Amino acid sequence: HLCDRRQRQMCIRDRFKTSKTTISMRKMKNMKVVLSALFGLSFSWNVCAQQSDIKDQGYVHKSSTSYEYPTDPAVLQKLDQWRDLKFGVLFHWGLYSVPGTFESWLLCSEEKFIPRRTKIFGDMPYDDFKKWYWGLSESFNPTKFAPEVWADIMKDAGMKYMIFTTKHHDGFCMFDTKETDFSITKGPFRNNPLKDVTYQVFDAFRQKDFMIGAYFSKPDWHCNDYWSRDRATPTRNVNYDIKLNPDKWKRFQGYTANQINELMTHYGRVDLLWLDGGWVRAPKEDIKMDQIIDKAREYQPGLIAVDRTVPGRNENYQTPELTIPKQQLDHPWESCITLTNHWGWWKDAPYKSAAQVINILTEIVAKGGSLVLGVGPTPEGTIEEEGIRRLKEIGQWLKINGEAIYNTRTTPVYQSENVWFTANKDGKTLYAIYALPDNVELPQEIVWEGNEPAGKMVLLQTGRSVKYRTKDGKVTVTLPKGLKNESLVFKFKQKL
């Protein structure tokens, strides 16, 4: 169980004792910075724009610039089913959730990440920091974890698929792997009947008819065959010469393949394998991903592989991070964007409004993509009440307007200022979605150009027809009085 505040302070201080002396006064000063971060001090950023999220993360994966359609009919079929869903959740939950800090990246000594670490932990020696970070496995005990509650919350939010972080770059496994003891099933949570949290999460969401995705980090900074303990770790990459240590690398290849095989064989139906750490790829860090995916599909036919940022046969859809493509794209893609301004849980992190998320989702769908929304559970295993409130608002909007989002496809004219367009699969029924910004009142009229209607136009919020007029390709809709102040959806047949 988590210690109380005084006990936690003592525990952290004890971890930095040496065999001969206690921590120096300088290190104690650093520890005050650590404790402030752990026990209430948080940094606040503006989350009104995507640029703010990117700034907060410090490092964002760029999307691939080319796309290759899969050839397996089963994969194509499942990919088409996934494109119908449009809205999912991505859970980042692991050691980084215990103190509420950047997921894994504080372990990385590349120049761009050092300011993150020093901002919170001062000039704490790097080796001491790594010991402290990995030592969080001794206190990760999410006794309030209730996966069926998670599933209910996300179902009510209108989400249709989920992705769960089974292992991030720090190597801590959220599943019952046989390849290492560095997992939640070997720590304080080991005697809990829900200890194999990946199994429990997958099972709870399958029961709610979600498509199931497993996030898996290809690099593993805790594994001695990736970050060898007898060498420095100056970058995110493998820290030894693979050509001079082929046996060591071969062990890591086997380690990775075996862990993915465990996820594919012991955890029920899995629809997506979402692979992170795109720098682990051929030719420099070849882990034989083609063979791993082929083997996985023997157990999970039609599995959608998302080897993100690695274009080719194993990147079945692209994953722009914390951004939305500038233009409409005709191949499968998914923007991964956070509900707060962090992937994992941070104390007092500001949340995006429901209206922001709805408008982000609208733009993404109009451009041909899907949105997976990042949600970080607390170290106790709960979803914060503020997050639940935002998600519930999103779900209430989707219950009324969801037909303009789910099961839709793109239309050639997809935007007119802040009006976005989607189309039914038959291409005959169009939806115009007026994206209302936060803290703005609905106007008396809504105007767009292109996509002229024919016949009746229905406002989904009321289920009733609305008056409109067209002139010179411009459509003007007169809004009835008494509408709820939110983004509006208009349904109509397109003029031929």
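Phe252 counts as buried, because its relative accessibility is 0%; buried means under 20% relative accessible area, exposed over 50% and partly exposed in between, with a 1.4 Å probe and protein chains only. Please keep in mind that this is a predicted model, in which local features need pLDDT of at least 70 and side-chain atom pairs count only at pLDDT 80 or more, while totals for chains, interfaces and linings use all residues. Residues are numbered from 1 along each chain as its sequence is written, and side-chain values use heavy atoms, with hydrogens and water left out.

Let me turn to the neighbourhood of this residue. Trp249 is also buried, at a relative accessible area of 5%. The ring centres of Trp249 and Phe252 are 5.3 Å apart and the planes stand at 40°, so this pair is tilted. Rings of Phe, Tyr and Trp (its six-membered ring) pair if their centres lie within 6.5 Å; planes under 30 degrees apart count as stacked, over 60 as edge-to-face and the rest as tilted. Both residues belong to helix α9, 3 residues apart, which is about one turn of the helix. Helices (H or I, at least four residues) and strands (E, at least two) are DSSP runs, numbered from the N terminus.

Across the whole structure, the search finds 34 aromatic pairs. In one of them, Tyr226 and Trp249 have ring centres 6.3 Å apart and planes at 45°, so this pair too is tilted. Here distant parts of the chain are linked: Tyr226 is in the loop between β3 (211-217) and α9 (246-265), and Trp249, 23 residues apart from it, is in helix α9. Tyr226 counts as buried, at 0% relative accessibility.

What, then, of the nonpolar cores? Such a core is a set of buried Ala, Val, Leu, Ile, Met, Phe, Trp, Tyr and Cys residues joined through side-chain atoms within 4.5 Å. The largest has 102 residues, and Tyr226, Phe91 and Phe205 are among those with the most contacts inside it. Helix α11 (residues 354-366) gives the most to this core, with 7 residues. Apart from it lies another core of 20 residues, including Phe421 and Trp448.

Finally, I come to Phe205. Beyond its neighbours within four places in sequence, its contacts (heavy atoms within 4.5 Å) include Phe91, Trp150, Met154 and Phe210. Ring pairs also link Phe205 into a cluster, whose members include Phe91, Trp93, Trp150 and Phe210.
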